[in-house]
Amino acid sequence: MDIPKIHESEYRFCLIMWEHEPVTAVELVKLCREQLGWKRTTTYTVIKRLGERGVLKNENGTITSLVSKDEAQAFEIDELVEKKFQGSLPAFIAAFTKRQDMSVDELDEVQHMIDRIRGGV
């Protein structure tokens with residue numbers, strides 16, 4: 001499945017939707033006003049646009065996602081690695097680790113992920 005592009009402000013909306021879904025459009029308007037400072041019309045416009053792009057479904061005023069948070073994040077990472085690091089995951093990780101201090105626990109967690117991938121677990 002191709003993941004539609006979700007722009008930054010739409011992503012902030014999606015974070016709210018993912019946290020509360022299934023959620024009514026009326027409730028999303030309230031949440032977006034409180035958390036993003038959006039007007040009602042802005043929220044409905046984003047609902048319409050994301051629905052047209054296949055990110056969410058609006059069924060009788062109840063909003064549910066068609067793209068999960070994990071899928072959206074994976075797509076963004078893939079796009080970043082492809083555009084900025086010529087598709088090289090090791091180059092991305094090298095750049096990331098040069099700028100980040102990682103704790104022993106974080107390093108252990110990453111190593112566990114690598115071990116799982118290598119072992120097929």
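Let us begin with I63, which touches M17, E21, P22, V23, T24, A25, L28, I47, L56, K57 and N58, leaving aside residues up to four places away in sequence; contact here means heavy atoms within 4.5 Å. The model is predicted, so local features need pLDDT of at least 70 and side-chain atom pairs count only at pLDDT 80 or more, while totals for chains, interfaces and linings use all residues. Residues are numbered from 1 along each chain as its sequence is written, and side-chain values use heavy atoms, with hydrogens and water left out.

I63 also belongs to the largest nonpolar core, which has 22 residues. Along with I63, the residues with the most contacts inside this core are F13, C14, M17 and L28. Such a core is a set of buried Ala, Val, Leu, Ile, Met, Phe, Trp, Tyr and Cys residues joined through side-chain atoms within 4.5 Å. Two or more residues each come from α1 (8-20), α2 (25-36) and α3 (40-52), and α1 gives the largest share, six residues. Helices are DSSP runs of H or I, at least four residues, numbered from the N terminus.

Next, T43, which lies in helix α3. Is T43 buried or exposed? T43 is buried, because its relative accessible area is 0%; buried means under 20%, exposed over 50%, and partly exposed in between, with a 1.4 Å probe and protein chains only. Again leaving aside residues up to four places away in sequence, T43 touches F13, L28, V29, C32 and W38.

Finally, the surface. In helix α6 (residues 104-119) we find I114, which counts as partly exposed because its relative accessibility is 34%.
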